[in-house]
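Me: I would like to go through this model with you. Could we begin with the contacts and then move on to other topics?

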Amino acid sequence: MWLYPTIFVVIILCFIGYYLTVRVGHNIEGSGQERDPEVPEEIQEHPFLLNPIILSYAVFGAFTGIIIFYYWARGY
C-alpha cells in the first residue's frame, strides 16, 4: 500500500539531489575556481535551513507522520 508513495518520495529526493549537485558543478565550471566560494551570509545566519541532510530528515519525518496518522485514524 505504501510502496508507490515511498517510491515517489525517493524519486523526488533523488531528482532534487541531482539538480543541486549539477548546479554546483556548473557554478564551479563557470567561475573557473576549483575551491569552494565563501559561504553566503544567509546560510551563515541560518546554518540549518538549507542543509540537505536536515531537509531529507524533515521529508522523511513528514512522510512517516502521515503513515502513522493514517493507521491511527483507521484504528489499527
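Me: Which residues does Val9 touch, not counting residues up to four places away in sequence?
Reply: Val9 touches Val59 and Phe63, where contact means heavy atoms within 4.5 Å. This is a predicted model, in which local features need pLDDT of at least 70, side-chain atom pairs count only at pLDDT 80 or more, and totals for chains, interfaces and linings use all residues. Residues are numbered from 1 along each chain as its sequence is written, and side-chain values use heavy atoms, with hydrogens and water left out.

Me: How many residues apart in sequence are Val9 and Val59?
Reply: They are 50 residues apart in sequence, and their C-alpha atoms are 8.4 Å apart in space. Val9 is found in helix α1; helices (H or I, at least four residues) and strands (E, at least two) are DSSP runs, numbered from the N terminus.

Me: What about Leu20, where does it lie?
Reply: Leu20 also belongs to helix α1. Leu20 is partly exposed because its relative accessible area is 34%; buried means under 20%, exposed over 50%, and partly exposed in between, with a 1.4 Å probe and protein chains only.

Me: What is the overall secondary structure of the protein?
Reply: The protein has 3 helices and 0 strands, in the pattern α-α-α along the sequence.

Me: What percentage of the residues count as buried?
Reply: Of the 76 residues, 3% are buried. The accessible surface is about 7000 Å², and carbon and sulfur atoms account for 69% of that. Such areas come from the Shrake-Rupley method with a 1.4 Å probe; for residues, only the protein chains shown count as cover.

Me: Which residues form a nonpolar patch on the surface?
Reply: The patch consists of Leu3, Tyr4, Ile7, Ile11 and Phe15, with about 570 Å² of accessible area together. Patches are made of residues with over 30% relative accessible area and no salt bridge; like charges are joined within 9 Å, and nonpolar side chains (Val, Leu, Ile, Met, Phe, Trp, Tyr) within 5 Å. A salt bridge is a side-chain nitrogen of Lys or Arg within 4 Å of a carboxyl oxygen of Asp or Glu.

Me: Why does Leu3 count as exposed?
Reply: Leu3 counts as exposed because its relative accessibility is 52%. Leu3 is placed in helix α1, residues 3-31.

Me: Changing topic, how many aromatic pairs are there?
Reply: There are 2 aromatic pairs. Phe69 and Trp72 form a tilted one, at 5.7 Å centre to centre and 40° between the planes. Rings of Phe, Tyr and Trp (its six-membered ring) pair if their centres lie within 6.5 Å; planes under 30 degrees apart count as stacked, over 60 as edge-to-face and the rest as tilted. Both Phe69 and Trp72 lie in helix α3 (residues 52-74), about one turn apart.

Me: And why is the pair of Tyr70 and Tyr71 edge-to-face?
Reply: Their planes stand at 75°, so the pair is edge-to-face, with ring centres 5.3 Å apart.

Me: Where is confidence lowest in the protein?
Reply: Confidence is lowest in helix α2 (residues 41-45), with a mean of 77, and highest in α3, at 86. The protein averages a pLDDT of 80; pLDDT is the predictor's confidence in each residue, from 0 to 100.
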